[in-house]
Amino acid sequence: MSLYPLRFSLLATAVLGVACSLHASDVVSVQPLTDRIVLVHFKDGEVKYHQRGQAWTEDKVVTDPLDVAAASLPASYRIESAEDPAYKNQLPPVGVGRKSKGAEFAGIRDSWADNRVVNHQPDHIKEHWLYLELPSPLLPGKTYVIKTGGLAKNGGVWTLAYDSAKTRSEAVHVNTLGYVPAAPEKFAYVYHWMGDQGSLTLADTDSRAFHLVDTRTGAKVFSGTLRFRKAHDNPETHQVKDSPPHGNFLKADVWECDFSAFARPGSYVVAVDGVGCSWPFRLDADVYREAFRPVARALYHNRSGIALTKPFTEFERAAPHHPKLTPGFAGKLFYTTVRFTEWGSEGGKAELLKAGGKGSLDAWGWYQDAGDWDSYYTHLRVAQEFLFVYEMGPRKFSDGELNIPESGNGVPDLLDEAAWLPRFCQRLRQELLAKGYGTGGIGLRVSGDAFGGDLKVLPDGRKVGQGSWEDVNREWAVSGEDPWSTYRYAGTAAHLAHALRIAGVKDPGGVDWEKEARESYAWAEKNTREGDENPKPTFNGSAVRLAEPRAYAAAALFRLTGETAYEQRFIADTGSIKPDALLSGEAAYGPWIYALGGGKGTADAATLARIRSAVLKTADEIVVTTPAKRALRWGGHFGMPMLVGQQTTPLVLEGAVGYTLTKQSDPEKARGYLTGLYTTGDYFLGTNALNQTWITGVGPRSPTHIFHIDAWYNGRGRYQEGLIPYSPWRKEKERGQGPWDLNWPNDTTYPAIDEWPGNERWFSNRCSPMGSEFTVHQNLGPAAAIYGFLCAESARGEPGTAGR
């Protein structure tokens with residue numbers, strides 16, 4: 001029997017029957033931060049959220065606020081022990097530190113004044129962390145009683161048995177899922193930001209030992225010494241204002257525990273003398289499967305046009321936005337000739353879209369995001385990155401592992417999910433041709449925003465929440481054929497054809513993807529209008545550049561067919577890329593395909609050398625240079641602002657491409673790339689300041705409230721596994737206008753919001769799209785791709801054996 005349950009948490013037990021305040025917070029946990037600091041965690045209540053068919057403003061807050069003035073006084077606490085002579089007579093702490101923040105928010109909007117919501121009732125609850133500085137250190141193996149008086153209504157006397165090998169400390173950070181035994185470098189970290197007390201400091205760190213402790217036997221199987229890593233003022237981004245004053249996301253001094261030399265599979269904790277231990281974690285060659293599978297399955301849960309049913313999920317719902325399956329949606333989807341770059345806004349203008357209307361469509365099967373149910377040009381990123389990951393590691397993936405409707409068709413499930421959007425594109429293109437609405441291209445924007453909102457309007461005029469499958473009281477437009485969407489689809493179709501060749505299988509739907517790619521490419525080439533070569537707005541903060549999807553399509557078709565006309569187009573579109581260029585976003589996909597090769601075409605030697613150099617230069621920057629600058633060794637663009645998942649999503653596929661290109665030719669360079677990929681995974685799966693994964697339902701601690709409309713109304717009372725929110729997000733203004741505003745929690749923090757480390761600015765504000773939503777292309781797809789790449793190879797996934 002394990003001495004450490006996989007998800008053990010509190011190591012302090014309430015003694016029942018103690019008098020407490022009628023108006024007080026609840027104690028969540030009492031645990032050591034170190035042997036000299038006890039951390040008491042309070043939570044003020046909960047939000048009872050509205051249900052499907054109710055208004056968003058019908059959320060209710062149940063709260064008993066902590067008396068923070070009393071909680072900040074040493075006289076409010078007593079520590080005693082019958083086993084430690086220093087505490088034979090109960091003593092108060094010698095000092096108390098605090099940090100507090102809003103932790104759940106309601107959609108309440110009582111009134112409006114000074115351009116913001118003004119509420120006359122509680123609209124959020126807070127959590128508080130109180131740091132009790134002890135007059136004498138806790139002794140290993142001794143039990144203590146912590147008295148909190150009337151501060152909490154759920155108790156006032158708490159026992160704490162201190163053993164650094166068994167008692168968890170929030171100061172010890174690990175990848176809470178685990179580590180791959182063969183990972184070149186494996187680290188745990190010791191650090192903590194204590195609010196108004198600043199960074200945790202540790203004495204005698206040069207001689208302070210840490211240990212890997214086997215959770216089954218309690219044995220210390222590896223030991224080492226703490227080593228200082230980075231200071232609290234070390235810059236971790238060019239965006240200094242994201243976490244002022246130094247651009248450090250932790251605002252804490254960091255020490256590392258290096259156990260790279262240990263590789264025995266098993267379940268362990270990292271225990272630090274005089275501190276405490278970590279969450280339990282595994283050393284397992286396939287530990288990343290525990291992250292990959294739920295995030296990849298989250299894409300299935302965000303498919304539009306199909307019903308989610310058992311046995312594929314317990315989170316069942318009807319099919320949304322399918323003209324033939326969704327009751328009331330027949331005839332509501334129409335085609336407009338207006339290209340999405342000319343809609344005038346993200347949702348378009350009704351008069352403009354209707355003026356270009358051709359007629360109704362039966363198309364279905366795009367992806368939904370958390371906060372809307374639309375299709376976007378950028379969503380094809382999911383398919384593209386899944387296809388890259390598959391070709392770089394085909395033996396890692398198998399048929400049946402994701403439990404999706406396509407499972408069992410002889411194709412690895414990763415490829416089935418990668419094919420979801422290309423299949424929508426293929427159906428849409430063929431329907432446009434069949435009905436005479438189009439001439440062979442596609443447009444990837446699908447939206448109903450110009451014709452109404454996401455809420456249901458009742459006969460009395462009230463607006464209430466509804467699921468996507470109920471959204472049938474407005475029209476939806478499919479954007480006109482355009483060369484950007486069509487080139488991107490052409491490239492994805494050719495990429496998919498290549499991946500199916502690697503898998504040794506034919507398309508189970510009978511689609512000739514090479515033919516689709518050729519015809520789509522030819523259409524886009526013929527239908528590029530004057531001015532299309534210039535950047536065009538997408539109305540969501542980005543722009544499309546025709547050369548990028550065209551270079552991707554040309555590279556994919558050259559590899560698939562060997563025809564030099566495609567290569568010449570790729571060379572022309574990438575001629576400005578220098579050997580030391582840094583590639584980002586969609587501009588990287590064509591170069592990646594050209595550098596990876598593996599098809600019929602023989603690449604031009606000079607072009608290949610130039611492109612390969614730029615690809616590796618980018619990989620160096622993303623997963624070698626950036627991790628070296630950051631205390632917790634996570635990669636990404638050093639200048640990326642803190643938004644849309646910068647703190648929650650591993651955006652490092654460049655490193656996977658670099659590793660694949662060099663693992664045979666330059667093993668030492670490849671080792672550096674792989675190291676950066678693993679340490680980046682560590683950050684997003686637990687070494688971060690909150691000791692959590694950023695994946696709902698995964699790990700011992702994960703996000704609990706996010707903006708996801710369908711999940712609010714799924715009838716299960718919880719979110720499905722695998723969702724990854726946008727936030728933490730940079731401060732954009734001092735005060736928010738209302739609960740939908742990502743800056744709404746700013747007023748709830750102590751110390752002030754600018755004092756808070758960027759990595760801790762997570763508020764569980766499910767009312768705010770920017771504060772807690774996700775998208776399939778910015779969060780779910782990239783995360784599933786990286787976690788999938790880091791999975792172990794499996795005999796079931798051997799190319800050419802699928803379906804045997």
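Tutor: Helices (DSSP runs of H or I, at least four residues) and strands (runs of E, at least two) are numbered from the N terminus. The model discussed here is predicted: local features need pLDDT of at least 70, side-chain atom pairs count only at pLDDT 80 or more, and totals for chains, interfaces and linings use all residues. Residues are numbered from 1 along each chain as its sequence is written, and side-chain values use heavy atoms, with hydrogens and water left out.

Student: How many helices and strands does the chain have?

Tutor: There are 17 helices and 30 strands in the chain. Overall size is judged by the radius of gyration, taken over C-alpha atoms, against a globule rule of 2.2 Å times the number of residues to the power 0.38. Here the radius of gyration is 27 Å, close to the 28 Å that the rule gives for 804 residues, so the chain is as compact as a globular protein of that length. Along the principal axes, its C-alpha atoms fill a box of roughly 90 × 70 × 50 Å.

Student: What percentage of the residues of the chain count as buried?

Tutor: A residue is buried under 20% relative accessible area, exposed over 50% and partly exposed in between (1.4 Å probe, protein chains only). By that criterion, 61% of the 804 residues are buried. Areas come from the Shrake-Rupley method with a 1.4 Å probe, and for residues only the protein chains shown count as cover. The chain exposes about 28200 Å², of which carbon and sulfur atoms supply 51%.

Student: Where does Trp193 lie, and which residues does it touch?

Tutor: Contact means heavy atoms within 4.5 Å. Trp193 belongs to the loop between strand 15 (187-190) and strand 16 (209-214), and its 5% relative accessibility is why it counts as buried. Not counting residues up to four places away in sequence, its contacts include Lys99, Tyr131, Leu250, Pro751, Trp756 and Glu760. The C-alpha atoms of Trp193 and Glu760 are separated by 9.3 Å, although the two residues are 567 residues apart along the chain. For the chain as a whole, among contacts between residues at least 6 apart in sequence, 73% join residues at least 24 apart.

Student: Which strands pair with strand 16?

Tutor: Two strands pair if DSSP finds at least two bridges between them. Strand 16 pairs in the antiparallel sense with strand 17 (residues 220-225) over five bridges. It also pairs with strand 20 (residues 266-272), again antiparallel and over five bridges. In these pairings, His211 has Ser223 of strand 17 as its bridge partner, while Val213 stands opposite Val269 in strand 20. The hairpin of strands 16 and 17 has five residues between the strands, and in it Gly218 takes a positive phi near 80°.

Student: Are the faces of strand 16 buried or exposed?

Tutor: In a regular strand the side chains alternate between the two faces of the sheet. In strand 16, Ala209, His211 and Val213 on one side and Phe210, Leu212 and Asp214 on the other are all buried, and both faces are covered.

Student: What is the strand order in the open sheet of four strands?

Tutor: The order is 24-23-28-25, with mixed pairing. Strand 24 (357-360) and strand 25 (446-447) are at the edges with a single partner strand each, so one side of each is left without a neighbour in the sheet. Strand 23 (residues 333-336) pairs with strand 24 in the antiparallel sense over three bridges, and the partner of Phe334 in strand 24 is Ser360.

Student: How many salt bridges does the structure hold?

Tutor: A salt bridge is a side-chain nitrogen of Lys or Arg within 4 Å of a carboxyl oxygen of Asp or Glu. The structure holds 52 of them. In one, Glu256 and Arg633 have their closest N and O atoms 2.8 Å apart. Glu256 lies in strand 19 (residues 254-258) and Arg633 in the loop between helix 12 (605-629) and helix 13 (653-662), so the pair ties together parts that are 377 residues apart in sequence. Both residues, Glu256 and Arg633, are buried.

Student: How far apart are the closest N and O atoms of Arg429 and Glu519?

Tutor: In that salt bridge they are 2.7 Å apart. The pair links helix 6 (residues 420-435), which holds Arg429, to helix 8 (residues 513-526), which holds Glu519, 90 residues apart. Arg429 is buried, with a relative accessible area of 2%, whereas Glu519 is partly exposed, at 32%.
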